[in-house]
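Dear colleague,

Please find below the structure that I am handing over to you.

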Amino acid sequence: MKILIVEDDATLADGLTRILTESELRVEHVATGEAAEAAFLRERYDLIVLDIGLPGIDGFEVLRRLRKRPEYVPVLVLSARDAIEDRVHGLDLGADDYLPKPFALPELEARVRALLRRGQANKNPQLRNGPLLLDTVARRATLSGQAIDLTSREWSVLENLMLRAGQVVSKENLMQALSNWDKELSMNAIEVYMSRLRAKVEAGGVRIRTVRGFGYLLEEQNEPG
Ligand code: CA
């Protein structure tokens with residue numbers, strides 16, 4: 001997996017490079033928008049981590065140019081400006097996720113992993129966990145071959161858990177996945193979606209564990225169940 005980091009803050013870029021390299025990802029770093037464009041024209045990346053405030057052309061312009069390309073590369077936008085307009089603008093331009101600065105490096109690493117998994121899932125549109133199958137192209141969910149009805153928010157929660165099966169997904173991450181970046185959801189809302197979702201899947205032997213004070217974990221099952 002190859003990642004391009006576009007960040008002009010050398011200290012932050014070093015931290016990002018270190019943590020991602022430690023998780024066995026190949027990392028290339030550039031510090032300007034122009035260098036980012038040259039890099040993505042020359043190379044294929046599995047993910048681009050893109051700072052908005054850059055010297056020369058800014059991150060928005062880099063994203064605009066990237067999205068004119070035929071190939072799809074997931075983009076995680078970083079922004080120092082804690083402005084809702086940045087998030088919305090990033091979304092409009094086709095960013096896949098958004099992380100406001102300052103952030104903890106493990107949080108960034110978790111987001112990177114989620115995006116990489118999603119990218120892999122897009123190559124294989126079917127997500128399976130035991131008896132549970134999500135066809136992300138047909139938007140169809142089945143449990144032991146029986147169709148189950150999910151609302152779009154239940155779908156989104158489940159897809160996030162399946163993309164990171166066997167790992168704890170924080171409530172904050174789920175909230176972000178559900179909120180489309182512009183509407184804040186309460187923690188209680190997540191619990192409501194989770195209990196509805198459990199009612200729909202646990203009868204089939206799929207287990208979603210609560211990790212108290214942190215989030216949820218979908219137990220990984222490799223057998224079709
Ligand atoms: Ca910057």
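Valine 157 is in contact (heavy atoms within 4.5 Å) with Leu174, Leu178, Tyr193, Met194 and Leu197, leaving aside its neighbours within four places in sequence. Please note that this is a predicted model, in which local features need pLDDT of at least 70 and side-chain atom pairs count only at pLDDT 80 or more, while totals for chains, interfaces and linings use all residues. Residues are numbered from 1 along each chain as its sequence is written, and side-chain values use heavy atoms, with hydrogens and water left out.

Val157 is also among the members of the largest nonpolar core that touch the most other members, including Leu132 and Ile208; this core has 28 residues. Such a core is a set of buried Ala, Val, Leu, Ile, Met, Phe, Trp, Tyr and Cys residues joined through side-chain atoms within 4.5 Å; buried means under 20% relative accessible area, exposed over 50%, and partly exposed in between (1.4 Å probe, protein chains only). A second, separate core of 22 residues includes Val30, Phe40, Tyr45 and Phe60.

Turning to the metal site, the calcium ion is coordinated at 2.2 to 2.3 Å by Asp8 (OD), Asp51 (OD) and Gly53 (O). Donors are N, O and S atoms within 2.8 Å of the metal (3.2 Å for Na, K and Ca); water is not among the atoms, so sites may look incomplete. Aspartate 51 counts as buried at 2% relative accessibility, whereas glycine 53 is partly exposed at 41%.

Yours sincerely
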